[in-house]
Amino acid sequence: SVETRRVVMKLVVIVPLLLLLEVSGYAECRCFCQVTGDLDDCTCDVETIDRFNNDQLFPKLQSLLESDYFRFYKVNLNKPCPFWTASNECGLRDCAVQPCSPYSAEVNKQQDECEKAKHLGAVDVSLSAETREALLDWNKYDDEAERFCVVDDEESPDSQYVDLLLNPERFTGYKGPEAWQIWNSIYEENCFKPYTIKRPLNPTSFQSSPGSEGRNSSCVEKRAFFRLVSGLHASINVHLSARYLLDDSWFQKKWGHNVSEFRQRFDSELTVGEGPKRLRNLYFLYLIELRALAKVLPFFQQSSFQLYTGRPEEDQKHKEQLLDILQLARSFPLHFDEASLFAGDEKEAAKLKEDIRLAFLNISRIMDCVGCFKCRLWGKLQTQGLGTALKILFSERQIEALPKSSNQRPSFQLSRQEIVSLFNAFGRISTSVRELKNFRVLLAEEQ
């Protein structure tokens, strides 16, 4: 009959789509926006997040992150690993770093040497003399505050500014036991993970039982912390799959999307059901950091705050861009409800908050054990960014009590480092959400 044919035609279209969504983890990411105490209740699906991020927020955020204030991040890449013996020079040929001195009389020679030493995992630390002088001037506008992450001593001779635009996060070849030792240490020692979840050194062997993120395995705060770290891990893997080295011949390097690599990390069957959960946690992380941006708006609205780079007109323009982004973040209709966190007994809540703060401090120290310097750079930045987001969510009262007069010193402060890491970290998550759309298209083309 005509009706039967219509049903068959619908199935022909719908069934492959459902299979595609399951492969990408999309089918298990259907509702996240209004997340409450048990981390599963919600009132919208990820299409809402995708549309909001990809069509509205992502383009504005990327434009802001290209400005001078947000492109320079100070980092110490030479701190020794405090937990085990680790070399600062990865054995991989593409993980070596050859720092470049500032422009001088020897600039041509130095540039030639740096070009020869530029590998996949190398960090380009070359800055012009003008930029270095400007950065020294910016330092006087930084303020100290309570931190969730270890912040490098900015007076240390080993700390240096890095231009993030010259050091994009992408595949470096850093993998295997060394890389898995980092993530195992993070998960096993710091994440309050449900006891049924295993993180093996061998990424090809999985030991997780159905429902391993069960509601009875830990309190909501600790489950939330685990999901944040898992979401960060997933986001990094999305970046590496999206900017994979597809061709490394003597005359060119070609970067692009590696669908096979994406499947290895997120396909439900290949990961024994863990891949879709990782993507769910990525969306959860997105909502947490988006909520922090919405909450911190009053701090940036203060007339005394400026994105200081010494160029008043540009600084004002970029502050307006920033406020526009934060207003957009606040307009998102179905934010994460952080009221469910630390809402119980006051003493227990204070202890949980301190436990999570200390766990974050420890994770930021583990980043000093990462063998590949470019991976270390982005790991440290994103860890600090997430820590800053949590600091904002835990400081709601202080933000609400910000003084109206510029003569009063506010109780809530963010340093330049925290601001740069906060927005760049969210920029990485925003990019991941956008890249998932690209992978869905590529997966559909393979069907």
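This is a predicted model: local features need pLDDT of at least 70, side-chain atom pairs count only at pLDDT 80 or more; totals for chains, interfaces and linings use all residues.

## Disulfide

A disulfide is taken here as a pair of cysteine sulfur atoms within 2.5 Å. The sulfur atoms of Cys-81 and Cys-369 are 1.9 Å apart and form the disulfide. Because the torsion about the S-S bond of Cys-81 and Cys-369 is about 75°, this disulfide is right-handed.

The pair links distant parts of the chain, 288 residues apart. Cys-81 sits in the loop between strand S1 (72-76) and helix H4 (107-117), and Cys-369 in the loop between helix H12 (346-366) and helix H13 (373-393). Both Cys-81 and Cys-369 are buried.

Cys-372 is in no disulfide; its nearest cysteine sulfur belongs to Cys-375, 3.2 Å away. Cys-372 has a relative accessibility of 0% and so counts as buried. Cys-375 is likewise in no disulfide, with the sulfur of Cys-372 as the nearest cysteine sulfur. Cys-375 is partly exposed, at 23% relative accessible area.

## Annotated binding site

An unreviewed UniProt entry gives the annotation "binding site" to Arg-170, Thr-172, Trp-183, Ser-230, His-233 and Arg-265.

His-233 lies in helix H7 (residues 220-242) and is buried, with a relative accessible area of 9%. Beyond residues up to four places away in sequence, His-233 touches Trp-183 and Tyr-187. The side chains of His-233 and Tyr-187 are joined by a polar contact of 2.9 Å.

Arg-265 is in helix H8 (residues 259-266) and counts as buried at 19% relative accessibility. A polar contact of 2.5 Å joins its side chain to that of Asn-237.

How values were computed
Residues are numbered from 1 along each chain as its sequence is written. Side-chain values use heavy atoms; hydrogens and water are left out. UniProt positions are given in the numbering used here, feature names are shortened, and annotations may be inferred rather than shown by experiment. Helices (H or I, at least four residues) and strands (E, at least two) are DSSP runs, numbered from the N terminus. Buried means under 20% relative accessible area, exposed over 50%, partly exposed in between (1.4 Å probe, protein chains only). Contact means heavy atoms within 4.5 Å. A polar contact is a pair of N or O atoms within 3.5 Å; within protein, one must be able to donate a hydrogen and the other to accept it, and residues adjacent in sequence count only if both atoms are side-chain atoms.
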